[in-house]
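I opened my notebook beside the viewer today and jotted down what I looked up. Here are the entries, in the order I made them.

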Amino acid sequence: MPYIEYEEYNPHGDTERLLARCQSILDEYKDDGLNLTVRQLFYQLVSRDVIPNQQSEYNRLQRIVKKGRRAGYLDWEMIVDRGRSLRQRQRWSEPQEIIEASAQSYHLDLWQDQEYRPEVWIEKDALTGVIESTCRSWDVPFISTRGYVSDSAAWRAAQRFRGVIDGEKSERDAPAIPENGVEQIPVVLHLSDHDPSGVDMTRDLEEKFEMFGLRFPVERIALTMPQIRKYDPPPNYAKASDSRAEGYVQQYGTECWELDALNPGTIQTVVESAIQEQVTDHSAFSARKEQREQERSRLEEVSERWPELFS
């Protein structure tokens, strides 16, 4: 674990105890293969009644975490910034390595024989790391909209969806444009905050797709009021400056909730359950997975024999 000291910092009393509690929470999630953002760490502390749910406390936590990491009190690898990541081409030291990597990454379209083809759309880029492993294991694309989806992103998605929409009316009463004409119906599984803008984002998605001539299921899978009642995440208050606040308050009251406030494991469970519901032919899905493993084995065999073939 990289507890590396770069700067001197001598916390005492409540601050020292808070840093210890932060690392304890990080260790807990590391056991589940998860790292947290500072925002997620904040909500974990709030939900455990360690600190109050106030912006001033979040600002204080940011300062303490920054100093604590630099002084070696917190593991550098266990707090992540998912909004800033390096992108570069992959490199290989010899041809055998790319064959090995191909065997590991070789994939088949698991949804080829299904009636529906889901995608997961999530409001916050910082939460893509939470849903990534679940989406990849189920062969489901995912995208961060970073708030309201732009017209450009919605238009590109509409063009992509035109290749999979069935021209006939689906069981979900989601008619599509006949000119699309092929075999499957897309389903967008949407996650966003439960606040005036976050709730409205699901409606906005549907309207944008309809503007581009498509109608199909856009299912809001989080946050929902039943989930809020079940998991009891810490609330905030609807911002009066939000133009949608009045209608939201009339329907839901003055409290609102951030998606980040849910336990990361809960978000994974919600996403996995929603994806599983889209599988209409389980035997076909399993058969595709089995075929994938068999073909991966062949690639692995080629990789293992590479020195023999090209010595």
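My notes start with the whole chain and then move to single contacts.

**Overall look.** I am working with a predicted model. I counted twelve helices and six strands in the protein chain. The C-alpha trace spans about 65 × 65 × 35 Å along its principal axes. Of the 311 residues, 46% count as buried.

**Cysteines.** I searched the whole structure for disulfides and found zero.

**Strands β3 and β4.** I then followed β3 (residues 185-191) and β4 (residues 218-222), which run parallel and are joined by four bridges. Val188 stands opposite Val218 in β4. With helix α7 (residues 196-211), the two strands make a right-handed β-α-β unit.

**Inside helix α7.** Which partners does Arg203 have here? I found a salt bridge to Asp200 (2.6 Å, N to O) and another to Glu207 (2.8 Å, N to O). Arg203 and Asp200 are three residues apart in α7, about one turn of the helix. Glu207 and Arg203 are four residues apart in α7, so about one helical turn separates them. Arg203 is partly exposed at 33% relative accessibility, and so is Glu207 at 46%. Asp200 has 15%, which is under the 20% cut-off, so Asp200 counts as buried.

**A salt bridge across the chain.** My search of the whole structure gave 20 salt bridges. One that I wrote down joins the side chains of Lys124 and Asp260 (2.5 Å, N to O). This pair links distant parts of the chain, 136 residues apart: Lys124 sits in the loop between β1 (116-122) and α5 (128-137), and Asp260 in the loop between β6 (255-256) and α10 (264-276). Are these two residues buried or exposed? Lys124 is buried at 16% relative accessibility, and Asp260 is buried at 4%. Both belong to a network of salt bridges that also links Arg39, Asp193 and Glu258.

**Asn53.** I found Asn53 in the loop between α2 (38-47) and α3 (55-70), partly exposed at 23% relative accessibility. Asn53 and Asn236 are 183 residues apart in sequence, yet 7.6 Å apart in space, C-alpha to C-alpha.

**Surface patch.** My last entry is a nonpolar patch of Val302, Leu309 and Phe310, with about 290 Å² of accessible area together. Leu309 is found in helix α12 (residues 306-309) and is partly exposed, with a relative accessible area of 46%.

Methods:
Residues are numbered from 1 along each chain as its sequence is written. This is a predicted model: local features need pLDDT of at least 70, side-chain atom pairs count only at pLDDT 80 or more; totals for chains, interfaces and linings use all residues. Side-chain values use heavy atoms; hydrogens and water are left out. A disulfide is a pair of cysteine sulfur atoms within 2.5 Å. Two strands pair if DSSP finds at least two bridges between them. A crossover is right-handed if, with the strands pointing away from the viewer, the path from the first strand over the helix to the second runs clockwise. Patches are made of residues with over 30% relative accessible area and no salt bridge: like charges are joined within 9 Å, nonpolar side chains (Val, Leu, Ile, Met, Phe, Trp, Tyr) within 5 Å. Accessible areas come from the Shrake-Rupley method with a 1.4 Å probe; for residues, only the protein chains shown count as cover. A salt bridge is a side-chain nitrogen of Lys or Arg within 4 Å of a carboxyl oxygen of Asp or Glu. Buried means under 20% relative accessible area, exposed over 50%, partly exposed in between (1.4 Å probe, protein chains only).
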